[in-house]
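Thanks for coming, everyone. Please look at the model on the screen while I talk.

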Amino acid sequence: MRVAVLGAGAIGAYVGAALCRSGADVHLIARGAHLAALRAHGVRVLSPRGDFSAHPHATDDPSTIGPVDYVFLGLKAHSYASAGPLLAPLLGPQTALVAGQNGIPWWYFHRLPGPYEGHRIEAVDPDGETSAVMAPERAIGCVVYPATVIKSPGVIQHLEGTRFSIGEPDGTVSQRCRWFSEAMIAGGLKCPVEPRLRDDIWIKLMGNASLNPISALTRATMVEICESAGTRRVVELMMEEILDIAARVGSTPEISIARRLDGAQRVGHHKTSMLQDLEAGKQLELDAVVAAVVEMADITGAPAPTLRTVHAATDLLARTMAKRAPIIPTPAPA
Ligand SMILES: NC(=O)C1=CN([C@@H]2O[C@H](COP(=O)(O)OP(=O)(O)OC[C@H]3O[C@@H](n4cnc5c(N)ncnc54)[C@H](OP(=O)(O)O)[C@@H]3O)[C@@H](O)[C@H]2O)C=CC1
Ligand SMILES: CC(C)(CO)C(=O)C(=O)O
């Protein structure tokens, strides 16, 4: 099985290392100092489940790889639409795209029977640019439950979780899903093939669409947000609204708000990826994680007042951050 990991960052390099352990022919696509370290030393995974290393091929030039069976997308979701030139050399007629992203994927309404089948979500598929690069027919959905960070170039700190739930947009348990799942399991991960993957997407989103923007606005860790009575209530209200939107598009995730909040609280003094991105001055993954949910509220007529308020504030934060970035002093040219 030939696999390319496009965006071999915190999650991508972790998946690539696991697949390499399973015996798959893995190619990591990365850049900068991280790529240099991957080339020199392979991927080093530090994990409470046991440290390990793997030595897949690493490059910044996908044309040296050629067509593969699977591309695991480890890019942030807002980089998908511009990934065409990186992706093109990797695509053969049957290549599947396993999208390991948080939030609502660009293929969400593809082959979803009901009133919204085929509807394009502008927040994640602006003017159809993502679908043009990534045909929804190629998509295998993936809900990433683990948490990982790049500790230093080439070194992935795995914090918790090993489950990567995958599924076809039409809910079939396909052969391409089974093969990918078997390789992930052989590499030491959990990888169930879910006929109702969208329910998993909403379970993950209940946390990401509420906690991530609130963490960006407050700079608080997950446990701090859950323990402070005021923000806990805001998260509860957002989760109620998110479940309402999910129901309006046909999803009924089987989890209570209390259980979802307990799960988030147990993660402890962890900064969400959105807070980490904010602190690093990187673009926030707001479109897939929050704006797409607000857009779904719009099309289904859901009120979602708390979600809309938190989104508006975080969206302004992201825009002011982007506007002010140029005022950070840059060294004068030599
Ligand atoms: N990390 C986590 O614990 C979790 C992450 N996720 C989701 O997984 C996805 C990936 O997140 P994460 O792994 O944390 O993000 P990272 O930023 O760690 O990984 C993305 C990687 O892609 C690289 N990249 C971007 N553009 C290019 C390019 N043109 N060429 C080569 N490499 C490129 C980045 O390099 P550079 O840094 O130089 O930009 C970076 O190494 C997101 O959707 C996230 O929400 C979901 C659950 C948990
Ligand atoms: C680690 C976790 C689960 C926190 O919500 C996450 O997905 C994120 O930070 O984006």
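The largest cavity holds about 90 Å³ of space. A cavity here is a set of points, on a 1 Å grid over the protein atoms alone, where a 1.4 Å probe fits but cannot get out. The points are joined across faces, edges and corners, and a volume is the space filled by probe spheres set on them. By this rule there is 1 cavity of 30 Å³ or more.

Some ground rules. This is a predicted model, so local features need pLDDT of at least 70 and side-chain atom pairs count only at pLDDT 80 or more, while totals for chains, interfaces and linings use all residues. Residues are numbered from 1 along each chain as its sequence is written, chains are lettered from A and ligands numbered from 1 in the order in which they are written, and side-chain values use heavy atoms, with hydrogens and water left out.

Back to the cavity. What lines the largest cavity? The residues are Ala 99, Gln 101, Asn 102, Gly 103, Pro 105, Trp 107, Gly 141, Cys 142, Val 143, Ile 201, Lys 204 and Leu 205. Lining residues have an atom within 4 Å of a point. Strand S8 (139-144) and H6 are the elements that give two or more residues to this lining. Helices (H or I, at least four residues) and strands (E, at least two) are DSSP runs, numbered from the N terminus. By class, the cavity lining has 7 nonpolar, 4 polar and 1 charged. Ala, Val, Leu, Ile, Met, Phe, Trp, Tyr, Cys and Pro count as nonpolar, Asp, Glu, Lys and Arg as charged, and the others, Gly among them, as polar.

Why does the largest cavity lie between domain 1 (2-195) and domain 2 (198-324)? Because both domains give residues to its lining. The domain bounds come from an automatic or database domain assignment.

Now ligand 2. Around it sit Asn 102, Lys 204, Asn 208, Asn 212, Met 222, His 270, Thr 272 and Ser 273. A residue counts as near if one of its heavy atoms lies within 4 Å. Asn 102 and Lys 204 also line the largest cavity. Helix H6 (residues 197-218) gives the largest share of this shell, 3 residues. The shell divides into 1 nonpolar, 6 polar and 1 charged.

Look at the polar contacts, meaning pairs of N or O atoms within 3.5 Å. The side chain of Ser 273 puts an N or O atom 2.5 Å from an oxygen atom of ligand 2. For Asn 102, the side-chain distance to a ligand 2 oxygen is 3.1 Å. Asn 212 also has a polar side-chain atom 3.1 Å from an oxygen of ligand 2. Alone, ligand 2 exposes 280 Å², and the protein buries 90% of that. Those areas come from the Shrake-Rupley method with a 1.4 Å probe.

On to ligand 1. It has 21 residues around it, and Ala 10, Ile 11, Arg 31, Thr 148 and Glu 285 come nearest. Here the backbone makes contacts. A backbone N or O atom of Ala 10 is 2.9 Å from an oxygen atom of ligand 1. Ile 11 has a polar backbone atom 2.9 Å from a ligand 1 oxygen. For Gly 100, the backbone distance to an oxygen of ligand 1 is 3.0 Å. Taken alone, ligand 1 exposes 880 Å², of which the protein buries 81%.

Which elements supply at least two residues each to this shell? Helix H1 (10-21) and strand S9 (147-152) do. S9 gives the most, with 3 residues. The shell around ligand 1 has 9 nonpolar, 7 polar and 5 charged residues. Domain 1 and domain 2 each give at least three residues to it.

Technical notes
Polar contact = N/O pair within 3.5 Å; in protein donor to acceptor, adjacent residues only side chain to side chain. 1 Å grid on protein atoms, 1.4 Å probe; cavity = no way out; pocket = protein on both sides within 12 Å on 5 of 7 lines; lining within 4 Å.
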